[in-house]
Every structure is written in structure tokens, then in C-alpha cells.
Amino acid sequence: MGDEQITQMIPYLKERGLRITPQRLLILETIQNLKSHPTVEDIHRELPYISLATIYNNVKLFVKLHILSELPYGTGISKYEMFQPNHYHVICELCGKIEDFNYPLLKEVEQAAAKLTNFEIEYHHFEVYGICRKCQEQK
Ligand SMILES: [Zn+2]
Ligand SMILES: [Zn+2]
């Protein structure tokens with residue numbers, strides 16, 4: 001992600017009532033660039049001049065504003081990514097690796113839930129657990 005794309009995000013952030021600071025933009029840019037699902041430690045490694053506490057507090061705020069998703073799976077250390085609905089995670093039970101996959105048919109679960117319960121459905125959560133390729137090879 002280039003600076004351009006981060007600039008495009010600014011209206012989105014403002015819409016959520018977020019004060020735009022260079023630090024906040026840097027944190028978001030780093031999460032985008034890391035692509036995998038970084039922990040706060042991973043983000044800090046890329047931005048050693050921003051304190052771990054500052055990164056942690058901002059990441060928590062981004063989660064609250066639905067800018068980031070928190071993935072508290074696997075190793076007990078939360079990982080983060082840019083919020084994107086309708087994508088799912090498969091989590092390695094041995095090393096905690098998280099990989100993305102899409103499966104649009106799962107959207108039907110929401111329709112079924114709405115029909116069966118008369119709830120107005122807002123979102124759903126779904127995770128799959130297993131053993132990743134690398135851990136399979138090491139077994
Ligand atoms: Zn693994
Ligand atoms: Zn993901």
C-alpha cells in the first residue's frame with residue numbers, strides 16, 4: 001500500500017471521529033504493509049520509535065472503531081488486520097499462524113439466522129482450526 005492509499009483512508013478515519021495524527025497513519029500503513037496478521041510486537045518492530053504502549057492504545061482504538069479487526073486466536077497473543085467483512089480465518093493450533101480464505105456462501109448463515117430467529121443480523125464470526133502446512137511437515 002502506497003502513501004496514496006493511506007491518504008484515501010483519511011476521510012474514512014475522520015468519519016469515525018478519529019483525530020488524524022502522523023503516528024496513527026504510520027501504524028495503519030505498517031499494518032497494511034505487513035499484510036500477514038501482525039501482533040503489536042510485530043508493528044513495534046517496524047516502528048521502534050513509537051512506544052509499544054502508544055501502538056497498543058491506538059490499535060485498541062482502531063478495533064473499537066472497526067478500522068481494525070482483532071484476532072485473539074491461537075497463541076493467546078492478539079493479531080490484527082484491516083477490518084474486512086466476509087473473510088474467514090483458518091488458525092494453526094500448533095504455531096498460531098492465521099491464513100485468510102473467502103467463502104461467500106457463508107453469508108447464507110445470516111439469512112438463515114434472520115429467518116429462524118427474527119433477529120436483524122449485523123455480522124457473524126467464523127473460524128476454522130487445524131494444523132498448517134509447515135507444522136504438518138515437522139510432525
Ligand atoms: Zn503451524
Ligand atoms: Zn485475515
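**Salt bridges, zinc and core in a predicted model**

Student: What makes the contact between Glu99 and Lys97 a salt bridge?

Tutor: Their closest N and O atoms are 3.5 Å apart in this predicted model. The cut-off is 4 Å between a Lys or Arg side-chain nitrogen and an Asp or Glu carboxyl oxygen, so the pair counts.

Student: What separates Arg133 and Glu137 along helix H6?

Tutor: About one helical turn, because they are four residues apart in that helix. They form a salt bridge with closest N and O atoms 4.0 Å apart. Both residues are exposed.

Student: What makes the arrangement around the zinc ion (ligand 1) tetrahedral?

Tutor: The four donor atoms subtend angles of 104 to 112°. The rule asks for all angles between 85 and 135 degrees, so the site is tetrahedral. The donors are the SG atoms of Cys92, Cys95, Cys132 and Cys135, at 2.2 to 2.3 Å. Their spacing in sequence is C-x2-C-x36-C-x2-C.

Student: Which residues have the most contacts inside the largest nonpolar core?

Tutor: Ile27, Leu28, Val59, Ile67 and Leu68, in a core of 20 residues. Leu28 touches residues including Ile6, Phe62 and Met82.

Definitions and conventions. Residues numbered from 1 in each chain as written. Chains lettered and ligands numbered in written order. Predicted model: local features only at pLDDT ≥ 70, side-chain atom pairs only at ≥ 80, totals over all residues. Heavy atoms only, no water. Core = buried A, V, L, I, M, F, W, Y, C linked by side-chain atoms within 4.5 Å. Buried < 20%, exposed > 50% of the residue type's maximum accessible area, 1.4 Å probe, protein only. Contact = heavy atoms within 4.5 Å. Donors = N, O, S within 2.8 Å, 3.2 Å for Na, K, Ca; no water. Tetrahedral: all angles 85-135°; square planar, octahedral: opposite > 155°, others 65-115°. Helix = DSSP H or I, 4+ residues; strand = E, 2+ residues; numbered from the N terminus. Lists of a residue's contacts leave out its neighbours within four places in sequence.
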